[in-house]
Amino acid sequence: MTYTRKNRGVCSVSTTVTLADDGTIENVTVLGGCSGNLKGISSLLKGMPAQEAIQRMEGLTCGSKSTSCPDQIAKALREALEQQ
């Protein structure tokens, strides 16, 4: 299943996640933001259970912002799991 979410409160524009039927992350693509860092995060997430990724990244902030790109990825993963 592939799910796209518009990001809010960060430099990146959107996050697209692809999950296997068992909730394992197959792919994460973030449009905009810090390209190298987000490519690295996306690579590390492949094969990880979405629930584990959510636990690790949910609530992380960026500077004075109340959210971050990893937090936005966690939100996209949570919403994708709810859609499954």
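Student: Which side chain is joined to that of serine 12 by a polar contact?

Tutor: This is a predicted model, in which local features need pLDDT of at least 70 and side-chain atom pairs pLDDT 80 or more, while totals for chains, interfaces and linings use all residues. Residues are numbered from 1 along each chain as its sequence is written, and side-chain values use heavy atoms, without hydrogens and water. A polar contact is a pair of N or O atoms within 3.5 Å, one able to donate a hydrogen and the other to accept it; residues adjacent in sequence count only through side-chain atoms. At 2.8 Å, the partner of serine 12 is asparagine 7.

Student: Is serine 12 buried or exposed?

Tutor: Serine 12 is found in the loop between β1 (2-6) and β2; strands are DSSP E runs of at least two residues, helices H or I runs of at least four, numbered from the N terminus. Buried means under 20% relative accessible area and exposed over 50% (1.4 Å probe, protein chains only). With a relative accessible area of 2%, serine 12 is buried.

Student: How far is the sulfur of cysteine 34 from the closest cysteine sulfur?

Tutor: A disulfide requires two cysteine sulfur atoms within 2.5 Å, and the whole structure has zero disulfides. For cysteine 34, the closest such sulfur is in cysteine 11, too far for a bond at 6.3 Å.

Student: Which residues of helix α2 are exposed?

Tutor: In α2 (residues 50-57), the buried residues are Ala50, Ala53, Ile54 and Met57. Their directions from the helix axis to the C-beta atoms fall within an arc of 100°, so these residues line one face. On the other side, the exposed residues are Gln55 and Arg56.
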